[in-house]
Each structure stands twice: as C-alpha cells, then as structure tokens.
Amino acid sequence: MTPTSEDRDAVTTRAGGTGGRSGDAGRRVVVLAGGLSHERDVSLRSGRRVAEALRETGAEVEVRDVDADLLRVLREDRPDCVVPLLHGESGEDGAVREVLELVDVPYVGSRPSACRAAFDKPVAISVVARAGIAVPRSVTLPHETFRELGAAAVMEAIVSSVGLPLIVKPARGGSALGCTAVREESALPGAMVGAFAYGPTALVQRLVEGTEVAVPVVDTGDGPRALPVVSIEPDGGVYDYTARYTAGSTRFEVPAKLPDDLATECARVAVLAHESLGLRHLSRSDLIVDPDGTVWFLEVNVAPGLTETSTVPLSVGAAGLDLGELVADLVHVAVSDPSGATTRATPAIPQTNP
Amino acid sequence: MPEHLPRLRAPGAATGGVAGSGPAGTGSTRLDSYVDRYAARTRGMTASEIRALFSVASRPEVVSLAGGMPNISGLPLDVVGDAIDDLVRHRGTVAMQYGSGQGDPRLREQICDVMRLEGIEAHPDDVVVTVGSQQAVDLVTRIFCDPGDVVVCEAPSYVGALGVFKAYQCDVVHVEMDRHGLVPQALREALAHVQAAGRRIKFVYTIPNYHNPAGVTLSTERRAEILEICREADVLVLEDNPYGLLGFDEEPYRALRADEPDGVIYLGSFSKTFAPGFRVGWALAPHAVREKLVLAQESATLCPPSFSQLAVSAYLDKHDWLGQIKQFREMYRERRDAMVNALDDMMPAAARWNVPTGGFYVWLTLPPGLDAKAMLPRAVTSRVAFVPGTAFFADGFGSQSMRLSYCYPTPERIREGVRRLVGVIEEELEVRHTFGTALPTPGVPGRYDGPTTDLT
C-alpha cells in the first residue's frame with residue numbers, strides 16, 4: 001500500500017516537519033539484517049520490512065548480512081548511513097555498532113556502551129531501578145554457581161527469596177527464546193536448563209501478573225518521546241516465540257486500553273528507561289501494568305523487532321506515522337549528528353555487576 | 001495478504017478505540033484478519049523456535065548436519081546445459097507448453113527403465129509423474145484419506161510425509177524399527193490393535209531403503225514378511241524410495257512393489273539420483289488408483305511441469321546417468337565414513353548411532369537424560385546444526401535422538417561438525433548433571449519442526 005501524496009502532507013504537517021525531509025531522497029542506506037544469533041530469522045524479517053518501507057521514501061537501500069565482506073564493502077562503497085536491525089548477540093550488545101564507529105559510518109540506534117548495558121537484562125534492570133523505576137525482584141546467576149553450591153540448595157534459596165510464580169530468562173537475548181514461566185517449584189530445574197541452553201547466565205525474576213505492554217520511544221532530534229502504548233494478549237496466555245511471530249495468534253490493542261493516567265505512566269517509564277540507559281534514536285520498553293496500577297519494567301530493546309507481527313510498527317502506525325518515514329527521519333538524525341546526541345552520554349552502569 | 005492497519009491516518013485522531021470503530025491505525029488487531037477463517041488443518045501452521053534456529057544453519061560458519069540437500073556439485077553441467085539448449089531450440093514449443101496430467105510418455109518409459117534396476121516390471125501407463133515424490137505422497141493421501149483415518153508409519157518417519165498426513169488430518173500410528181528396518185511383529189500387532197479398535201488404516205507408509213531419518217534398510221528376509229502381514233490385514237503399502245540406488249556396497253534391493261503389484265504404490269524420485277531442482281518424481285500404482293491419481297494431479301497442477309520432465313528425459317537419454325549415480329555413491333560413501341569415523345573417535349560412550357549402508361543419514365541417540373531439541377540453541381551458539389528427533393514423530397517422541405546428515409558438507413567439515421557437536425553434548429551433560437537428569441521433556445504432538453528444503 002503506497003501512501004498518497006495527500007497522506008504524506010498530512011503527516012508532515014502533523015509531525016511538525018519531520019518525514020520526507022528534502023534532500024534525503026536517494027540517500028544510500030545499508031540495512032544490516034541476519035547475523036549469527038538465535039534471532040537471525042527475526043532479524044531477516046525486520047530487515048525486509050524496513051528496507052521496503054525505506055525504499056518508499058526514496059532512499060536507496062541495500063540489505064546486507066554481517067559477514068567477512070561487510071567491512072570491505074563499508075570502506076570501499078561507503079553508504080550514507082547504516083540501519084542495524086540485528087537482534088540478539090552482537091547485534092544488540094553493541095559489538096557491530098562499535099565496528100561501525102571504527103570505520104566511521106553513521107548508524108541509526110544506540111551507541112555501543114549503551115547497548116552493552118541495555119542488552120544485559122540484569123544490568124539494565126539495575127540502571128533503571130536506580131532511576132526510580134519499579135523492577136520485579138530478581139536474581140542473576142551463572143551456571144557455575146549452581147554447580148558449585150549445589151543446584152537444589154540454590155534453587156530453594158531463589159524460590160524463597162524471589163517467590164512463585166517466577167520467570168527464568170537467559171540474561172542476554174530476545175524474542176522470549178529460552179524463557180519459561182515457573183508456577184511450581186518442580187518446574188524450576190527444567191526452566192533453568194532451558195535458559196542455560198541459550199547462554200551461560202540466567203535471570204530469575206518474579207513473574208508479575210498484569211497487562212503486558214510495549215512502548216516504543218523515538219527521538220528524531222527533539223528529544224525522546226513515547227509512541228502509543230501497545231498491549232499484548234497472546235491466545236495461549238504466553239507471549240512466546242510462536243505467539244510473537246505467527247500472525248493471528250496474539251491480540252494487540254493500540255493504544256492499549258488503559259486509563260489515561262496509566263498510559264501516561266507507561267510512556268513516562270519508557271522514556272525514563274531510554275534516558276537513564278543513555279539510549280539513542282529508538283528503543284522499545286517491555287512493561288507490565290499490574291492490577292494495582294504499578295508499571296513494572298521488564299526489559300528494553302535497542303534493536304526492537306520491526307517485523308510484520310512486531311509491536312513497534314503497530315505503535316508507529318497508531319501514532320499516525322509511516323514506518324519508512326520514521327526510519328528515514330532517524331537516518332537523517334544519525335547522519336546530521338553521527339557522534340550521537342544522547343540524553344546522557346554514558347549510562348549509569350552500577351559499579352558491581354548484579 | 002492485505003495489510004490491516006493503514007500506514008497513515010487522518011491527523012488529529014490521536015487516541016482511539018476498539019476494533020472496527022477506531023480511527024485507522026488504532027484499535028484491536030491480530031495482524032491477520034483471516035484468523036477465524038482458516039481451515040482446521042491450518043491450525044498447526046505456526047512460527048516455531050526450532051525452525052527459526054535452522055535459519056542460522058544456512059550461514060557458512062555453521063556446520064550443518066541438519067539439511068537434506070543432495071550434493072550435486074559433481075553433475076556435468078556442460079552436458080546438462082547442452083541438453084537443455086537443445087531442448088529449447090528443437091522442442092521448445094513442446095517443452096514450454098501444457099502437457100498431459102499423467103506426465104510425458106517418453107519420460108514414463110524411462111522411469112520404467114530406472115525401476116527395473118530394483119526388480120520392478122511396470123508399464124508406463126501405470127506411472128504418474130509428480131512434482132517430486134513429495135507431491136506423490138500428497139496425491140496418494142488426498143485420494144485415500146479422510147480426516148481421522150489412520151496412516152501407519154515407521155518410528156521415526158520422514159518429516160515431509162508426516163507434514164502431509166497432518167495436513168489431511170490423518171492420525172499417524174508409529175511402528176517400531178530396529179537395525180533391520182520395520183519390525184514385522186510390531187507391525188502385525190499395530191495393525192491388529194488399530195483394526196480391533198474399529199479404525200480404518202488407509203496405508204502403511206514405509207521407506208525401505210536407507211531410511212530418512214533412521215538410516216536403516218529393511219532386510220531382504222523381512223520384505224516378504226512385511227508384504228504378507230499387510231496382505232493379510234488388507235492394508236495398502238505406500239513404498240517411498242528416493243534413496244534406493246544410493247547403496248554403498250551392494251546391488252539395489254528388490255523393491256516391495258516388485259513382488260506385490262496390486263498391494264503397493266511405489267514412489268520414486270530423480271531428486272537424489274539427478275537433481276532436486278527439477279522437481280520430478282513419480283508414483284507407480286495399480287491401474288484404478290492410477291486413474292484417480294491422474295485426476296487428482298490435474299486438479300492440483302493441471303500437469304507436472306513439461307520443461308522439467310523433458311529436461312530430465314534428455315539427461316537420461318544423453319548422459320551416462322548410471323555412471324553418475326555411481327559417482328554420487330562414492331562421494332556419499334566417503335562422507336558417511338567421515339561421519340561414522342568422527343563419531344567413533346569422539347562421541348561419548350553412552351551415545352548410540354547406526355552405520356548406514358546408503359543414503360544420507362545417521363540416527364543418533366544421545367546419552368540418557370539429554371533432549372536434542374533443548375540442545376539446539378547451544379548447538380547454534382557452537383555453530384553446528386542437526387535436526388532434533390521429535391521432528392520425525394507425530395506424537396512428541398524422539399526427544400533423545402537426532403538426525404545427522406552427511407550428504408552436503410565435505411568430509412573435513414563433517415569431522416569438525418561432530419567435534420562441535422560433542423562439545424555441545426558435553427556442556428549439556430554438565431548442565432543436566434547440575435540440575436539432575438530426570439527432567440520432564442515434554443514433546444509437542446503434531447508439530448513438525450523440520451528444516452526447510454533449502455537448508456544445506
């Protein structure tokens with residue numbers, strides 16, 4: 001579906017001059033998608049969608065995987081900007097962005113140090129907690145701790161401290177891969193094994209029951225602002241991989257059916273998380289609103305999914321924006337200020353790793 | 001597929017509402033407005049974590065022991081190229097035209113020549129050409145199976161066939177195999193058990209030679225017995241034989257169909273003996289069944305692709321295709337040896353596997369307490385891939401096993417892949433040891449998390 005020129009004008013007017021900036025058409029953009037992480041498939045889907053949307057804005061777009069040829073191509077045929085849509089390890093932990101800085105190519109999204117903090121869920125939780133955001137009680141432990149101290153004793157201590165129900169996640173990673181909700185103590189060992197299959201460290205977190213919401217935050221040059229809150233109701237009750245990437249298996253409400261004050265609170269929390277971690281351009285915070293009206297922070301994504309079934313594009317649409325125009329705006333910002341106007345240059349990383 | 005949320009909506013409508021009444025772009029959505037309209041058989045067609053992990057396996061850094069792609073790099077591309085050039089120049093208007101629903105007559109004669117190598121004496125009139133033998137499985141199931149009908153399969157069975165049986169809402173009953181293939185007594189009991197329950201068995205689906213995924217071959221002694229059991233129970237046999245000419249050390253086995261023309265539908269394929277890209281396979285069926293298959297083929301595709309059929313036919317005419325198969329066999333034997341030697345050298349003692357005498361696959365059973373599917377993310381991290389055993393069962397079994405394929409990677413890469421796999425198993429054993437090995441490993445019945453065909 002191609003927007004009419006009338007529609008484009010409407011957006012330009014509403015968004016105060018963003019979208020379809022003059023002089024940006026024909027800009028050469030490399031969308032990085034794929035990679036070697038467990039979320040390669042999701043990344044390829046995001047890449048396809050964003051590339052198509054960007055092309056409609058007039059940009060010249062090439063979708064590339066991350067491989068041994070990438071640096072040579074970036075050096076020899078330097079694009080105006082890179083849009084990294086790599087999910088999971090190396091995509092979201094800042095490594096690839098660090099390399100983009102080495103070769104001095106502007107890119108959309110947070111800078112490496114902020115990525116490192118945001119991608120590591122336990123670190124991100126400590127940072128946002130220090131900023132005053134509610135975070136579920138949690139504990140982070142590597143596999144070695146269970147092996148050395150005895151798994152049974154450690155798990156018993158976890159259950160008595162964190163309480164049931166709880167959720168076990170790999171400390172790093174996305175798309176709910178390796179995540180298991182545990183409602184009975186007997187299910188905890190299996191959940192731990194499931195998380196350790198994805199990485200050496202697991203985050204065990206109190207499971208907060210409530211409305212699951214996603215809140216994108218964008219900054220197209222005027223400071224970070226939240227886009228409409230999306231609520232998520234998976235058919236099976238669990239927003240797992242299948243529920244995330246099978247169209248039709250999850251009901252989304254956008255804007256979420258929340259009282260105005262709670263929607264505002266979700267937006268505030270998401271922007272605060274974005275700022276306290278020193279993120280740039282685009283992020284998505286995953287939050288839970290409990291029945292008492294407390295907004296809990298779960299995690300933040302520096303390369304949020306932009307697939308056909310992802311929440312960010314839904315929110316972008318509900319805000320009256322066009323995904324391609326928005327990404328084009330972010331490209332414009334990245335090119336205009338490549339050193340990266342973040343709200344805070346460095347995230348407030350705690351001295352001790354929790 | 002239509003888009004459900006317009007990209008743009010009128011300015012000024014910043015908040016909204018419920019499905020159907022809110023401004024464009026807002027409201028309730030499932031991102032698929034047809035979600036309540038799909039047929040019941042579509043229910044299992046969902047995104048899967050396992051399939052997503054296979055996506056990484058296509059990267060060159062990963063040693064994929066997961067795919068089933070034949071290695072066709074040894075094909076004489078100049079010969080094939082000349083044949084196709086000649087085909088277009090001299091028979092182009094035939095090759096690019098619709099053809100008969102049953103398939104090209106000359107190719108059907110050549111198919112009979114191919115089948116003769118396995119003892120089958122057949123008439124070209126009884127051959128129906130299909131889009132790979134995969135489509136033959138589909139057509140046979142289409143003409144025989146109503147929802148709820150029972151199909152008896154080996155345990156494990158070919159993931160692609162299980163997918164077809166699921167799509168037609170059949171109930172799959174698995175029957176045990178051992179190193180000599182399908183176990184006759186187990187088959188006898190399963191057929192009796194199902195029939196005693198008043199259920200209809202439409203056919204026994206079997207891959208007698210170099211089984212996918214189990215790697216085993218039905219022994220000569222058992223072949224007559226299996227046929228006798230099915231004859232007594234009045235159950236049709238669907239014999240799927242894509243690998244029959246790819247035995248390493250022996251003459252081709254005599255096909256089941258060779259000794260039972262009326263009770264067996266035989267499926268063959270050029271995908272492994274020539275090249276899968278042409279998508280040419282076939283079914284050989286008793287004449288009444290063949291009539292139905294032709295009608296089913298016409299409704300499915302009008303006709304199998306003429307171009308592919310004539311290209312395959314020209315290859316068979318102009319090239320020493322048997323010599324080519326011999327080369328393929330040597331190449332696959334070398335790879336089989338590389339895999340089995342690597343497994344012998346490196347695998348923990350508690351793991352078990354078979355030594356296939358042909359085909360593409362080794363079936364490996366892990367040390368007790370390990371779950372192959374749960375191990376796959378760790379394997380991807382270590383840059384090696386396999387197919388978890390549960391993909392080959394309709395009932396969630398097979399979690400302790402995996403299929404390893406040696407058809408595509410080079411011998412050196414196969415060894416490296418096994419080395420990585422052993423590392424993964426050792427790490428997983430350590431984690432399992434920490435948390436206790438008696439963990440419940442629930443299978444998801446009816447989910448076929450197999451790799452896609454383009455996986456290397």
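How many bridges join strand β12 (residues 361–365) of chain B to strand β15 (residues 401–405) of chain B, and in which sense do these strands run?

Mentor: This is a predicted model, in which local features need pLDDT of at least 70, side-chain atom pairs count only at pLDDT 80 or more, and totals for chains, interfaces and linings use all residues. Residues are numbered from 1 along each chain as its sequence is written, while chains are lettered from A and ligands numbered from 1 in the order in which they are written.

Five bridges join β12(B) to β15(B), and the two strands run antiparallel. Strands (E, at least two residues) and helices (H or I, at least four) are DSSP runs, numbered from the N terminus, and two strands pair if DSSP finds at least two bridges between them. Within this pairing, Val362(B) has Leu404(B) of β15(B) opposite. Both strands belong to an open sheet of four strands, ordered β11-β12-β15-β14 in chain B, with antiparallel pairing. The edges are taken by β11 (352–353) and β14 (387–388) of chain B; each has a single partner strand, so one side of each is left without a neighbour in the sheet.

Helix α3 (residues 105–116) of chain B has 12 residues and reaches 17 Å from its first C-alpha to its last, close to the 16 Å expected; the expected span is 1.5 Å times one less than the number of residues. Leu107(B), Arg108(B), Gln110(B), Ile111(B) and Met115(B) are buried in α3(B). A residue is buried if 20 or more other C-beta atoms, placed from the backbone, lie within 10 Å of its own, exposed if 12 or fewer, and partly exposed in between. An α-helix has 3.6 residues a turn, so residues three or four places apart point the same way. The buried residues of α3(B) pack against β3 (127–131), β9 (264–269), β10 (280–284) and α9 (306–318) of chain B, where contact requires C-beta atoms, placed from the backbone, to lie within 7 Å. Exposed Asp113(B) and Arg116(B) are carried on the face of α3(B) turned away from its buried side.

In chain A, five of the five residues of strand β5 (residues 166–170) are buried, so β5(A) is largely enclosed by the rest of the structure. Three bridges pair β5(A) with strand β6 (residues 180–182) of chain A in the antiparallel sense.

Technical notes. Two residues are in contact if their C-beta atoms, placed from the backbone, lie within 7 Å.
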